[in-house]
Amino acid sequence: MRGQAIYVAAAALLAVAAASLSKPAFFLLFGYLLLLFLRRQHLLVPALAAASLFFVYFLFVDHHNNTSLSDGRHSLLVRFSAPPAIDGDRLQAPVKVGREKVQLRYTVRTAAEKEALQARLVPGTVCRVTGTLEPPMPASNPYAFDYRRYLRFHHIHWLFLPEEIDLSDCVRVRPTAIERLMTIREAGVRHIEDRFPPEAAGVAAALIYGERRQLDDEVLSGYQELGLIHLLAISGGHVTLLVGAVFAAAIRFVTREAVVVALLAALPVYAVLAGASPSVLRACATGMIVLAVQWKKGAIHPLDALSWTALALLVFDPYMVWDVGFQLSFVVTFVLLVHFPALVAVRSIVGRLLQTALVAQTAALPVLLYHFYEISVWSVFLNVVFVPWYSFVVLPLSFLSTAVPIFPLVWLFVQTVGLTNAVVRFFSADHPLMLVLGRPEPWCLAVYAAAVAAAFLCWERGWIIRGLATVAAAMALQLAAPYVNPKGEVTVLDVGQGDCIYIELPHRKAVYLIDTGGTPEWGREPWRERARPFAVGRDVVVPFLKAQGVRTIDKLLLTHDDADHIGAAPEVMKAIRVNEIVTSPGARPAVKAVARPFSVPVHTAVRGEGWTEGGVRFVVLHPEKGNDEDNNGSLVLLARLGGFVWLFTGDIEKEAEEALIRAYPTLRIDVLKVAHHGSETSTTAPFLRTVKPRAALISVGRFNRYGHPSPEVLERLKQQGVISWRTDENGAIRYLYDGGSGTFQVMKPYNAVGKKSGTFQQIKP
């Protein structure tokens, strides 16, 4: 039967996900097969066969996804199969070492070297390079991007860090067909960059070659936040436009069959030229399937074409199922095809556009929330305007002005892009309306799936409001979930050399953040500047808060005004509402200056003050009134959370510790946030003997220039029998509790040398 291949493709997709040891996928696969047994028995056997085949196939591929290399210093012959990505003084490229790929990462030393490397390292270049192989780092914070997993899914197991790239040890060999195409692609991107201003060049390169390196970071983030990023991805619309243009131009000179054969040969080439992303591969593969059927004088149901495309891509790369582009591309396309009859029935063009945008946004909602944690209220409205604008104006102009770069066309394209990006900035940066929901738990994803399915069933019957209400109910359920959750949390985030501690009370009675971390700003030469330098607030703290579904921070507790403690505060306040800032007297002037643009009230706290929320008492133990010092004037907090007494010490040093034990000689604690990242000037033996901690948490950056934590401090903790965990080796440290008991977890349970660290399960409240 036509359109039935989708049942087989769905079974294969779920089987691949289940084979990746995803528990929710196991349950979904079982439920799906059970549903087929009850409602579509004639499809159960092919679906079960596909599931079994792809389950075994994934296990086979995953078993052979290993490495023959070892860590340490090596002299390797590396082959560049694609142009390296050079951003400021950082050069990166996946390179071949024999039959294996490694990720090369190199810090360029001079501007002249940068120009030489950019000119000489073209596809087909082979170099002898000496450097160090080291394993990629896994995610060190909850919800963070897992670089090690990402590289493994691309069959890369090592980072290769060259000591030097000597171009005299490089030769150009005969390039492969793919390398020739990559050279052509790079030349095309350079052609665009040379003929257009940066803003217009970024859009043209994205639409024609799938290359976004010239896009302004603020604009790209705006497209993503507004749900418009699909417009900058090469997809079915692009391929349809190109295929239609070729047909219209060539059918006058050759037969229809000849045009089809030429397109069948050209689409794989275009897929490589366009970057071979999942959306590009889906669009080109679907186009090839449809053309092949037409060549044989047949017809194929759109759902069958989509299904066979999914199966073909899973055979090509089963890891693709975890790519967000793959997920969005197939989910949205599938739903639009199923809902197509209802869309066609809408007579009004505006109504049809509105319902199409609603359908696409609703279908994508669970995927978007899982990966990005929030949605824009403007999204549907802007898609109604932007989809036809891009389809009929921006996209054709990008091709025309690139192919025929005459002044009127180029000027018109530049003005069009400028106007479009101004609208994006207006709605994303100037007037954002973002609804932060957080990452849905597995049960919540199941609720969303049921709600979306119910919504489409309602829409098929013309009950649009009822369908929207179903989805809104699922969103309301996710919004309410934290407020009925009896569990609390304390998380020391890995922010490098800095502090950032997240506290959430049970039933979300309150959310506190102690410090924000901060990215140090070093003076750099202009050529070293990167397009999107790493920022702790934007790249670590804010994503964590949004993934938690945090929309408001009740108290932002800034212990003192060092940059590694308050540097990311503006990024946090820009993204998340902060009700109040509490800081130390000495930090008040600097903190008020940081808070002023966001109209956040700032209060100081001194010894003896405190507050109670959700049955938890927070007490300020330091500084004493009149203390305006820097480190020794840090805010020190005491609280009992999950059966443990916690002491958060900021950056206090020996003198402040002595003042603390003089003021509180009977102070006893369970968990100590080690002061000043483990500096030898803090965490003294008399202090440890007095407070008697059972566990110590050290927030410290990997390979920091200060040598933190000090070996002397680690030895003192060991002598006192204190279990120590540190963010540079263990990543984020989380304590999840329910009532008077809880469990400590770390993101990386193994330290830098691969030995298993101690376990907090030994500690009982």
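Predicted model: local features only at pLDDT ≥ 70, side-chain atom pairs only at ≥ 80, totals over all residues.

What follows is a briefing on one helix, on aromatic and charge–ring contacts, and on backbone geometry.

**Helix α12**

- Helix α12 covers residues 302–316, and at 1.5 Å a residue its 15 residues should span 21 Å, which agrees with the 21 Å that separates its end C-alpha atoms.
- Among the buried residues of α12 are Leu303, Leu306, Leu311, Leu313 and Leu314, and Asp304 is also buried.
- The buried residues of this helix pack against α1 (5–19), α3 (41–63), α11 (278–295) and α13 (324–338).

**Aromatic pairs**

- The count of aromatic pairs comes to 27, and one of them is the tilted pair of Tyr143 and Phe544, with 6.0 Å centre to centre and 45° between the planes.
- Because Tyr143 lies in the loop between β5 (125–134) and α5 (147–153) while Phe544 belongs to helix α20 (residues 536–547), this pair ties together parts that are 401 residues apart in sequence.
- Tyr143 is partly exposed, with a relative accessible area of 25%, whereas Phe544 counts as buried at 2% relative accessibility.
- Phe644 and Tyr735 form another tilted pair, at 5.3 Å centre to centre and with 45° between the planes.
- Phe644 lies in strand β21 (residues 644–648) and Tyr735 in strand β25 (residues 733–738), so the pair ties together parts that are 91 residues apart in sequence.

**Charges over rings**

- The charged end of Arg149 sits over the ring of Trp322, at 5.6 Å from its centre, and Arg466 lies over the face of Trp463, at 4.4 Å from the ring centre.

**Backbone geometry**

- Most residues other than glycine have a negative phi, and most peptide bonds are trans.
- A cis peptide bond joins His622 and Pro623, with omega about 10°, and Pro623 is found in the loop between β19 (616–622) and β20 (636–641).
- His708 and Pro709 are also joined by a cis peptide bond, with omega about -5°, and Pro709 lies in the loop between β23 (695–698) and α26 (711–719).
- Tyr373, in the loop between α15 (349–372) and β8 (374–376), has a positive phi near 75° and counts as buried at 7% relative accessibility.
- His507, in the loop between β11 (501–504) and β12 (511–514), has a positive phi of about 60° and counts as partly exposed at 34% relative accessibility.

Notes. Residues numbered from 1 in each chain as written. Heavy atoms only, no water. Helix = DSSP H or I, 4+ residues; strand = E, 2+ residues; numbered from the N terminus. Expected span 1.5 Å × (residues − 1). Buried < 20%, exposed > 50% of the residue type's maximum accessible area, 1.4 Å probe, protein only. Contact = heavy atoms within 4.5 Å. Phe/Tyr/Trp six-rings, centres within 6.5 Å; stacked < 30°, edge-to-face > 60°. Lys NZ or Arg CZ within 6 Å of the ring centre and 35° of its normal.
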